[in-house]
Amino acid sequence: MDRNTRMAQITVRDLMAESGVAFGTSGARGTVIAMTDRVCYGYTRGFLSYLAGLGEFPAGGRIALAGDLRPSTPRILAACARAVRDSGGVPVFCGYVPTPALALYSFAQGIPSLMVTGSHIPADRNGIKFYRPHGEVLKEDEAGMSAQLVDLPSFTFTAEGMLAEAEVLPPVTDVETAYVQRYIDHFGAGALGGKRIGIYQHSAVGRDILARIVRELGAEAVLLGRSETFIPVDTEAIRDEDVILARDWASQGAFDAIISTDGDSDRPLLADETGIWMRGDVLGILSAARVGAAAVVTPVSSNTALELSGLFPRCRRTRIGSPYVIAAMSEERTTPGEVVCGYEANGGFLLGSDIPGADGTTTTALPTRDAVLPILLVLTVPGSSVSAQLASLPQRVTFSDRIKAFAPELGEKLFGMLQAGSAEQQLALQTDLFGASAGEASTIDATDGIRTTFASGEIIHLRRSGNAPELRCYTEADSEARAVTLNREALTSVKAALGLSHAES
């Protein structure tokens, strides 16, 4: 039999069910073991088939690819590049660069792209984030991709689902230069002059680019904590180790700030001069104010200081995930000249409108998460420290933590219990579960998970992660200590309700 006739066909939806690699809040995610070359190849072909149906992937079209620094990324990139070629396209390899650098390039070129990254999750997991020529793949696109029937040639893969023949990636196309220049143009070459900035590099793909930007803006960049082993830095659930590191560095180094990003460098971390990390949703408020936003879009999990600040004519809440924020930003762009932006609780900042930069320049909209812009927006405020800017906002503090290895059946049990019965019965259950900590439950928001506001004004929000088998718990109170305590007490109550021992959680 001719090898070209040995062709298996499967829908992306069936491939998802077969592999367990499914769409989350930031693209397709799964364990490295489940993300075989065959699975990644099939996802990519489904993406391209979907775009071809929309007229966005012509024969011979270019597809930009990039990745983060986790060990499995080069292998997955090779499988994706093979899929591009087998689909009649031309892979453009942009190297190991931040996700927003890839997006900036591909949007400017008007070509699709994909980023191989697991973002902040551990190295035993990875993912693929897809972009259409002018924006992220949104939730409605995922349904279209899932329905695609794709070819999986049997001769292309081993019995283990890996490429039978090595795939060599093309030479790197430079996307860093334009990404760096974006910030130089916006802020001006001396915007950070006289500042001393610590850069926590760990294993972030944009660690050297971040240092380059800071230096070109005139600051002294001090490199800290570089690691050649992947470290899962989560900007929304900051590790105790990273809290200690920042405070130690600040006590020893006399920094104006310490900055960092997550693994694919689209979510920021900013610590003040004392080494205290700022929550991403607070950074988002300060950033939105700096760009003069008329409308701000953010997920329901973000800090309510946004509305309490009174800084913005319109504030809109969505489900968690950049696709939801982007869709809502598009709907908010109704008045020419108004600035629309969005941010997530993890700090990722999305610019939905063009904004003026230094010396008459214009910074174009970048409707995908960016880590560099929000960091620089705060660091370049004239005569104001990071801590002073934080103190100017209503003092509402959010804190998040999680139960790891939270099996799907536990999620079904928990949320089935929380959503059972009438609204009054649900509030009564919330009071039973958390009343000893937060008082009487007053309202429930089911936009994404279960977010309960109590008569005390405190908030407990429970949600299953869209990226990993985890239960996320977000709490909000009037002080950091109280938000942390409330979070720990809430998770303890959840574990007790589910019959989980400490060892099981």
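Which handedness does the crossing of helix 6 and helix 7 have? The crossing is right-handed, meaning that the near helix is turned clockwise from the far one by less than a right angle.

The model is predicted, so local features need pLDDT of at least 70, side-chain atom pairs count only at pLDDT 80 or more, and totals for chains, interfaces and linings use all residues. Residues are numbered from 1 along each chain as its sequence is written, and side-chain values use heavy atoms, with hydrogens and water left out.

**View 1. Helix 6 packs against helix 7.** Helix 6 covers residues 176–187 and helix 7 covers residues 207–216. Helices here are DSSP runs (H or I, at least four residues) and strands are E runs of at least two, numbered from the N terminus. The two axes lie 10 Å apart, at an angle of about 40°. Axes are lines fitted to C-alpha atoms, for helices over the stretch in contact, and angles run from 0 to 180 degrees between N-to-C directions. Helix 6 and helix 7 are therefore oblique to each other. Angles under 35 degrees count as roughly parallel, over 145 as roughly antiparallel, 65 to 115 as roughly perpendicular, and the rest as oblique. From helix 6, Glu-176, Thr-177, Tyr-179, Val-180, Tyr-183 and Ile-184 take part in the contact (heavy atoms within 4.5 Å). Helix 7 brings Ile-209, Arg-212, Ile-213 and Glu-216. By class, this contact has six nonpolar, one polar and three charged residues. Ala, Val, Leu, Ile, Met, Phe, Trp, Tyr, Cys and Pro count as nonpolar, Asp, Glu, Lys and Arg as charged, and the others, Gly among them, as polar.

**View 2. Helix 1 crosses helix 5.** The axes of helix 1 (residues 12–19) and helix 5 (residues 139–146) come within 7 Å and cross at roughly 90°. The two helices are therefore roughly perpendicular to each other. Val-12, Arg-13 and Met-16 in helix 1 meet Ala-143, Met-145 and Ser-146 in helix 5. Four nonpolar, one polar and one charged residues make up this contact.

**View 3. Phe-107 and Tyr-131 form an aromatic pair.** The whole structure holds eight aromatic pairs. Rings of Phe, Tyr and Trp (its six-membered ring) pair if their centres lie within 6.5 Å; planes under 30 degrees apart count as stacked, over 60 as edge-to-face and the rest as tilted. Phe-107 and Tyr-131 are edge-to-face, at 5.7 Å centre to centre and 70° between the planes. Phe-107 sits in helix 4 (residues 99–109) and Tyr-131 in strand 7 (residues 125–132), 24 residues apart. Phe-107 is buried, at 13% relative accessible area. Tyr-131 is also buried, at 0%. Buried means under 20% relative accessible area, exposed over 50%, and partly exposed in between (1.4 Å probe, protein chains only). Elsewhere, ring pairs link Phe-23, Tyr-43, Phe-47 and Phe-130 into a cluster.

**View 4. His-202 and Asp-359 have positive phi.** Most residues other than glycine have a negative phi. His-202 has a phi of about 30°. His-202 lies in strand 10 (residues 196–202) and is buried, at 0% relative accessible area. Asp-359 has a phi of about 55°. Asp-359 lies in the loop between strand 18 (355–356) and strand 19 (362–363). Asp-359 is exposed, at 78%.

**View 5. Gln-395 lies in a loop.** The loop runs between helix 13 (386–391) and strand 21 (397–403). Gln-395 is partly exposed, with a relative accessible area of 44%. Gln-395 touches Leu-390, Ala-477 and Asp-478, not counting residues up to four places away in sequence.
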